[in-house]
Structure formats: C-alpha cells, structure tokens
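Please have the sequence and the structure at hand while reading.

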Amino acid sequence: MFYAVVYDGNCNLCANFVSILEKFDRGRQFCYIPMQDDQTLQQFNVTPEDCEMGMILVDRTDPTQRWQGSDAAEEITRLLPMGKALIAAYRAIAPVKALGDSTYIQIRDNRYKLFGKRDRTYHTAYPVGCAAIVK
C-alpha cells in the first residue's frame, strides 16, 4: 500500500466512496484513515483543520507529497486501472475541471445535509498499518 486516503468516517458519502474503493483495490495501493483518528493523522502531520478542507491523499513513500479535495479524488482515480486516460481528458477540458472543483467544495461543505451523518465512524478493512495480502 503506497497511499493513505484520509476521509470523513462519519459522512455517508465519504464512507461509501471508501467502501467501494477498498473493494476494488483490496489494499493493493490504498490504506485508509478516518479523519476522526487523531493519533494516526499525527503520524502524517495532518491536522483537524486540514481534514476540514476535504479528503486527503498522502504518498506513504514521500509523505510531503499530498493531494487534497478534488485533487485527491482525481489522483485516486488516476491511480486506478484505466484512470490515467480518464483524468487526462477531464483535466484537459478547463470548464469541466473548474465545475468539478466547485462541485466538490459544495458537496464537502454540505455533505451531512446532503448525504447524512453516521452515528459511528466507518473503519475500513485496510487501515494504515494493515498488511494486506495481495493476490
């Protein structure tokens, strides 16, 4: 696992996205940290204020390399099979990229209102520190 995905474990949309991603990836590239896990976030120098700005993707081989918000979603997609071509096309059309960025901000800021809030934090099968067996 080369990347850590920081997500809101109390947000239904975020937890569902991570659930789908973990089933698809099965711990090959990504492990996950809910933003409610302050202790683990400290290992990556991620603050609660950072988390409020949206999902974060951290390169575990170089933790200074990170993406946030819609950039994190794009980078996650780019890392998936067939994702490079999709993201290259998306980024090449400036109005679409701008719309995606502004839509991400609106959803981020209204996620509980739009998608609901869980009463318990969602924890994945592939947390940071998990030694996934890749088959």
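Is arginine 108 buried or exposed? In this predicted model, arginine 108 has a relative accessibility of 15% and counts as buried, because the term applies to values under 20%. Its salt-bridge partner is aspartate 109, with the closest N and O atoms 2.7 Å apart. Aspartate 109, in contrast, is partly exposed, at a relative accessible area of 48%.

A further salt bridge joins the side chains of arginine 111 and aspartate 8, with an N to O distance of 2.8 Å. Arginine 111 belongs to helix α7 (residues 111-115), while aspartate 8 sits in the loop between β1 (3-7) and α1 (12-25), so this pair ties together parts that are 103 residues apart in sequence. Both ends are buried: arginine 111 has 10% relative accessibility, and aspartate 8 has a relative accessible area of 4%.

The side chains of arginine 91 and glutamate 74 also form a salt bridge, at 2.8 Å from N to O. This pair links distant parts of the chain, 17 residues apart: arginine 91 lies in helix α5 (residues 83-92) and glutamate 74 in helix α4 (residues 70-79). Glutamate 74 is buried at 4% relative accessibility, whereas arginine 91 is partly exposed, with a relative accessible area of 35%.

Arginine 91 and glutamate 74 also belong to a network, in which salt bridges that share partners join Asp71, Glu74, Glu75, Arg78, Arg91, Lys97 and Asp101. In total, the model contains 9 salt bridges.

Terms used: Residues are numbered from 1 along each chain as its sequence is written. This is a predicted model: local features need pLDDT of at least 70, side-chain atom pairs count only at pLDDT 80 or more; totals for chains, interfaces and linings use all residues. Side-chain values use heavy atoms; hydrogens and water are left out. A salt bridge is a side-chain nitrogen of Lys or Arg within 4 Å of a carboxyl oxygen of Asp or Glu. Helices (H or I, at least four residues) and strands (E, at least two) are DSSP runs, numbered from the N terminus. Buried means under 20% relative accessible area, exposed over 50%, partly exposed in between (1.4 Å probe, protein chains only).
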